[in-house]
Amino acid sequence: MSVTKKRVALVLLVASLVVLAGCSGSGGDAAESAANASYQATQAAGGDGGGAESGDSADRSASQSRDRALIRTGEVSLTVGDFDAARSNLTAATERRGGFVGDATERVRGDDRRWTVGELTLRVPAENYSALLDRVKAEGEVRSASTHTTDVTDRLVDLDARLENLRAERDRLRTLYESANDTETVLAVQRELSDVQTEIERAEASREALERQVRYSTITVELAEERPEAPTTEPTAWYDTGPIAAFLESVNGVGVAVRALAVGTAYAAPYALAFGLPAVALVAGWRRLA
């Protein structure tokens, strides 16, 4: 069962309870209550088909006559010489145009040769979007840039119409609540009023979020310093080395050779003892026999 049919059924139920509760009064009062309940149920159902068609036409006319509601977002990737300076410059440029920095991230990469990358989310009034976008592009070397535009005019019109219907329904339920004279009817209307109020608050929050996105455009800027190149050194010819440096290098080479010989001997000694001695004994015994 749809939400509209559910509400109609509930209103009819409440109207019936009101009629039954008023049966203890005069016949004229009961008839009047039934007539009012019937009128309220008809209004809650949204009227006849012609009324719905008329409402749709009004919504379309309102959508066409109002200014278009556009959400503009941009993305720019820049290579900059100094991350901190670029971030400071863009923050100041955004604030001068009535905007602010939403989110900001920063990451340092590399070990010996470090460079910084990061991201800024700039929010600026929609009328200053193009000016700020040009300023962002001028801050460094542009690697990529894009702009996206979303038209939310129809969504705002639909939310306005929904809010108008929900508020009218809330007013009718309040009137019914005030005229209720038994506990069961009061509780039923209270539950329905709570549901309607919740839907109103959700619709208002959605509308406010859309309007905020329309009022303030967003530019996401990715900043990256150039990655430092590894230093290159030209090899030095051997005859360009000074005599003292050559002597010291030779002494160092001799030391390395001696250490290598000692380490190699240490490694070989166990194998010589394990296999060399039996081999020598075998050769000596063979010579005796010969």
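Phe-247 counts as exposed, because its relative accessibility is 55% (exposed means over 50% relative accessible area, buried under 20%, and partly exposed in between, with a 1.4 Å probe and protein chains only). The model is predicted: local features need pLDDT of at least 70, side-chain atom pairs count only at pLDDT 80 or more, and totals for chains, interfaces and linings use all residues. Residues are numbered from 1 along each chain as its sequence is written, and side-chain values use heavy atoms, with hydrogens and water left out.

Phe-247 lies in helix 8, residues 243-289. Helices (H or I, at least four residues) and strands (E, at least two) are DSSP runs numbered from the N terminus. Together with Ile-244, Leu-248 and Val-251, Phe-247 forms a nonpolar surface patch. The accessible area of this patch is about 440 Å². Areas follow the Shrake-Rupley method with a 1.4 Å probe, and for residues only the protein chains shown count as cover. Patch members have over 30% relative accessible area and no salt bridge; nonpolar side chains (Val, Leu, Ile, Met, Phe, Trp, Tyr) are joined within 5 Å, like charges within 9 Å. A salt bridge places a side-chain nitrogen of Lys or Arg within 4 Å of a carboxyl oxygen of Asp or Glu.

The chain contains eight helices and five strands. Their order along the sequence is α-α-α-β-α-β-β-α-β-α-α-β-α. Of its 290 residues, 26% count as buried. The chain exposes about 19200 Å², of which carbon and sulfur atoms supply 54%.

Strand 1 (residues 70-80) pairs with strand 4 (residues 141-151) in the antiparallel sense, over 10 bridges. Pairing requires at least two DSSP bridges between two strands. Leu-78 stands opposite Val-142 of strand 4. Strand 1 also runs parallel to strand 5 (residues 216-225), joined by eight bridges. Here Val-80 faces Glu-225 of strand 5.

Thr-121 belongs to strand 3, residues 115-125. Thr-121 is buried, because its relative accessible area is 16%. Leaving aside residues up to four places away in sequence, Thr-121 touches Phe-100, Val-101, Gly-102, Asp-103, Thr-218, Ile-219 and Thr-220. Contact means heavy atoms within 4.5 Å. Across the chain, 79% of the contacts with a separation of 6 or more join residues 24 or more positions apart.

Buried residues of helix 6 include Leu-156, Val-157, Glu-169 and Arg-170.
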